[in-house]
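Please consult the sequence and the model while reading.

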Amino acid sequence: MDWPAPIALAQSVPELPTGTDWSYEMKLDGHRMIMWRTDDGVRLQARSGRDVTAVWGDLALAGHHLPAGTVLDGEAVITTEDGRISFDAAQARAASSPTRARRLVSQRPAHYIAFDALQLPSGNVRPRPYSERRAALLNLLAGLPANTPIQAVSATTDCDTALTWYTTLHSQGVEGIVAKRTTSPYRVGRTGAWLKIRHADTIEVAVAGFTGTVRQPRALAVRLPDGRVALSQRLTTALATRIAPRLVPQPGRAHAQGGDAYTPVSGEIVVEVVAGTTRHAVVTVVRLR
């Protein structure tokens, strides 16, 4: 396999599919990550394709227990003292410098929740059906040390159980359920093989500009699917820190749908947002893609 690996994405649906050919996984609120165990060590790949090994050093260290030639797909998560999965904590780690990330490791170590295998020492397993990849993943992880932070995501073939997870575990950081067709290979991009329901449905949109300063953006102007440009709610500190280096301001000012002025930018920046309906604070930025 060549770095970076293209990944599969789930389509949003209003309700979970039913039938004997579906398996259901918890969707955890963390950072998507591909874990590569090579002959030389471990590399960690973000959804965007960036190398993020330096800020997830604890997971890279744990990955050395995997056999060389293993490539896994999963989610990096961080839990709070009460056991709740915290996206804010994962976002803070992702936005850290390598030095600060090492300090955060001692405060809140991460876990890697694997939900698929792309490659095993025996070779590429992406063409194999999900049911076989899941069995191979569980067999692989069973050989890791007992205290490993690398774990398999919880999964079930019972739709009622999955819906119980969805309705009762949201406060613990389970943001939804992903249904995967058991007979399907690992397909890159959004296909009907992976379907998801989420408590807060999100969309991906392009960034048109920002308010505030380029070093400290306050909000983003984003282009919604209907063509409107709308301002987001105020960015969290972690998001502003991650987005600022990618902003390339252009001369002049532009205006969003509601008349609010913003500084336009060049380049392609994509963020994931929860869309609202009011004129102001139309969207809440969830994460940088």
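## The chain as a whole

Among contacts between residues at least 6 apart in sequence, 65% join residues at least 24 apart, where contact means heavy atoms within 4.5 Å. The model is a predicted one: local features need pLDDT of at least 70 and side-chain atom pairs count only at pLDDT 80 or more, while totals for chains, interfaces and linings use all residues. Residues are numbered from 1 along each chain as its sequence is written, and side-chain values use heavy atoms, with hydrogens and water left out.

The secondary structure comprises 6 helices and 19 strands; helices (H or I, at least four residues) and strands (E, at least two) are DSSP runs, numbered from the N terminus. The radius of gyration, taken over C-alpha atoms, is 20 Å, close to the 19 Å that the globule rule (2.2 Å times the number of residues to the power 0.38) gives for 289 residues, so the chain is as compact as a globular protein of that length. Of the 289 residues, 52% count as buried, that is, under 20% relative accessible area with a 1.4 Å probe, protein chains only.

Two strands pair if DSSP finds at least two bridges between them. S3 runs antiparallel to strand S5 (residues 70–78), to which 7 bridges join it; Arg32 has Glu75 of S5 as its bridge partner. S3 is also antiparallel to strand S4 (residues 42–46), with 5 bridges, and Met35 has Leu44 of S4 as its bridge partner. S3 and S4 form a hairpin with 4 residues between them, and Gly41 in the turn has a positive phi of about 155 degrees.

## The nonpolar interior

A nonpolar core is a set of buried Ala, Val, Leu, Ile, Met, Phe, Trp, Tyr and Cys residues joined through side-chain atoms within 4.5 Å. The largest one has 33 residues, of which Leu16, Tyr24, Leu28, Ile177 and Trp194 touch the most other members. Elements that each supply at least two residues of this core include S3, S5 and helix H5 (159–168). A second, separate core of 31 residues includes Leu59, Ala94, Tyr112 and Leu141.

Not counting residues up to four places away in sequence, the residues that Trp194 touches include Arg32, Asp73 and Phe115.

Notes:
Buried means under 20% relative accessible area, exposed over 50%, partly exposed in between (1.4 Å probe, protein chains only).
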